[in-house]
Amino acid sequence: MKQQHFSFEYIIPMPPKGTETETRLLDKTDICLVELRTIGKEAKFAEFEKRENYAGRTSGSPLALEAEIFLSSRLHPEWTSMRIGIPLSELPDAAEYSIRYTGPALQLLADGQVLTEDFPFGDPPGLAAGEPLVSCQRKICKF
């Protein structure tokens, strides 16, 4: 049987420029979430922040735009999610931001250009086998 992969892309509803508070921007149960999170605030994200090159920044600021995908993997059942992100201060101004999952890659984009990506092992459990929950068309999510 041929392995089937799913894909989706959501436009991220960004808050007004100058927002300084943590905010959940998009939440798709069992698939993904996107949020603005304060860098250095939570110890559980320290290793992730180091990998994403956040480590040299002052604790508690600035915010980062982060996307997390929830995963289900037969080979690695302990791998239940993966996160990518970029500091808000490094995002281009006046862009349309989106999160895209292609099967092999999870990406944060600005005007269709990849800002950061990683390669998850597994698929979101919210995507039912045999039928994509979300088509490959872009979905606009209102803020």
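In this predicted model, isoleucine 99 has a relative accessibility of 0% and therefore counts as buried. Isoleucine 99 belongs to strand 6, which covers residues 97-101.

Charged side chains come next. The whole structure contains twelve salt bridges. In one of them, glutamate 35 meets arginine 83 with an N to O distance of 3.0 Å. Glutamate 35 is part of strand 3 (residues 32-38) and arginine 83 of strand 5 (residues 81-87), so this pair ties together parts that are 48 residues apart in sequence. Arginine 83 also forms a salt bridge with glutamate 66, at 2.5 Å from N to O. Here the link joins strand 4 (residues 63-70), which holds glutamate 66, to strand 5, across 17 residues. Both glutamate 66 and arginine 83 are buried; glutamate 35, with a relative accessible area of 12%, is buried as well.

A further salt bridge connects aspartate 27 and arginine 24, whose closest N and O atoms are 3.1 Å apart. Aspartate 27 is partly exposed, at 43% relative accessible area, and arginine 24 is partly exposed at 46%. These residues belong to a network of salt bridges that links Arg24, Asp27, Glu35, Arg37, Glu49, Glu66, Glu68 and Arg83.

On the surface, Leu75, Trp79 and Phe121 make up a nonpolar patch with about 330 Å² of accessible area together. Phenylalanine 121 sits in the loop between strand 8 (113-118) and strand 9 (138-140), and its 37% relative accessibility makes it partly exposed.

Notes:
Residues are numbered from 1 along each chain as its sequence is written. This is a predicted model: local features need pLDDT of at least 70, side-chain atom pairs count only at pLDDT 80 or more; totals for chains, interfaces and linings use all residues. Side-chain values use heavy atoms; hydrogens and water are left out. Patches are made of residues with over 30% relative accessible area and no salt bridge: like charges are joined within 9 Å, nonpolar side chains (Val, Leu, Ile, Met, Phe, Trp, Tyr) within 5 Å. Accessible areas come from the Shrake-Rupley method with a 1.4 Å probe; for residues, only the protein chains shown count as cover. A salt bridge is a side-chain nitrogen of Lys or Arg within 4 Å of a carboxyl oxygen of Asp or Glu. Helices (H or I, at least four residues) and strands (E, at least two) are DSSP runs, numbered from the N terminus. Buried means under 20% relative accessible area, exposed over 50%, partly exposed in between (1.4 Å probe, protein chains only).
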